[in-house]
Amino acid sequence: MVATTSDPVPGEGPVRPVSVSLHEGTIAALKARTGKRGMSAYVEALIQRQLERDRLRELIEDAEADHGPVDQAAVEAKRAILRGDAAGSTDSA
């Protein structure tokens with residue numbers, strides 16, 4: 001489904017109840033972590049994060065289709081720089 005400009009984006013628009021089915025153990029763990037009143041906000045945040053990850057995966061797949069697969073050595077080098085690893089940084093002197 002393609003969103004139009006009039007469709008609310010994740011996290012926006014009116015709140016409305018929906019029904020989902022979860023395993024008893026999942027519900028118990030969720031209640032233990034959030035309390036009964038925090039469940040909706042917690043689930044909302046999880047769904048928004050997953051939607052962002054799904055969209056990011058789609059963007060990566062589109063980029064790889066246009067430009068070829070990612071160079072894993074270059075990715076690891078950038079990760080090392082972000083982590084501050086001296087071996088990954090060309091600025092370490």
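Predicted model: local features only at pLDDT ≥ 70, side-chain atom pairs only at ≥ 80, totals over all residues.
**Entry on Arg 83 and Asp 85.** I looked up Arg 83 and found a relative accessibility of 52%, so Arg 83 counts as exposed. Its salt-bridge partner is Asp 85, with the closest N and O atoms 3.0 Å apart, and Asp 85 is partly exposed at 30%.

**Entry on the other salt bridges.** I recorded a count of three salt bridges. In helix α3, which covers residues 72-83, I found Glu 76 and Arg 79 three residues apart, about one turn of the helix, and their side chains meet in a salt bridge at 2.7 Å, N to O. I read Arg 79 as partly exposed at 42% relative accessibility, and Glu 76 as partly exposed at 36%. In helix α2 I found Arg 55 and Glu 58, likewise three residues apart, about one turn of the helix, and joined by a salt bridge with the closest N and O atoms 3.5 Å apart. Arg 55 is partly exposed at 43%, and Glu 58 is partly exposed at 38%.

**Entry on α1 and α2.** I then turned to the packing of helix α1 (residues 24-34) with helix α2 (residues 39-67), where the angle is about 105° and the axes are 9 Å apart; the two helices are therefore roughly perpendicular to each other. At this contact I listed Leu 30, Lys 31, Arg 33 and Thr 34 from α1, which meet Met 39, Tyr 42 and Val 43 from α2. I sorted these contact residues into four nonpolar, one polar and two charged.

Note on methods. Residues numbered from 1 in each chain as written. Heavy atoms only, no water. Axes fitted to C-alpha atoms, helices over the stretch in contact; angles between N-to-C directions. Helix = DSSP H or I, 4+ residues; strand = E, 2+ residues; numbered from the N terminus. Parallel < 35°, antiparallel > 145°, perpendicular 65-115°, else oblique. Contact = heavy atoms within 4.5 Å. Nonpolar A, V, L, I, M, F, W, Y, C, P; charged D, E, K, R; others polar. Salt bridge = Lys/Arg side-chain N within 4 Å of Asp/Glu carboxyl O. Buried < 20%, exposed > 50% of the residue type's maximum accessible area, 1.4 Å probe, protein only.
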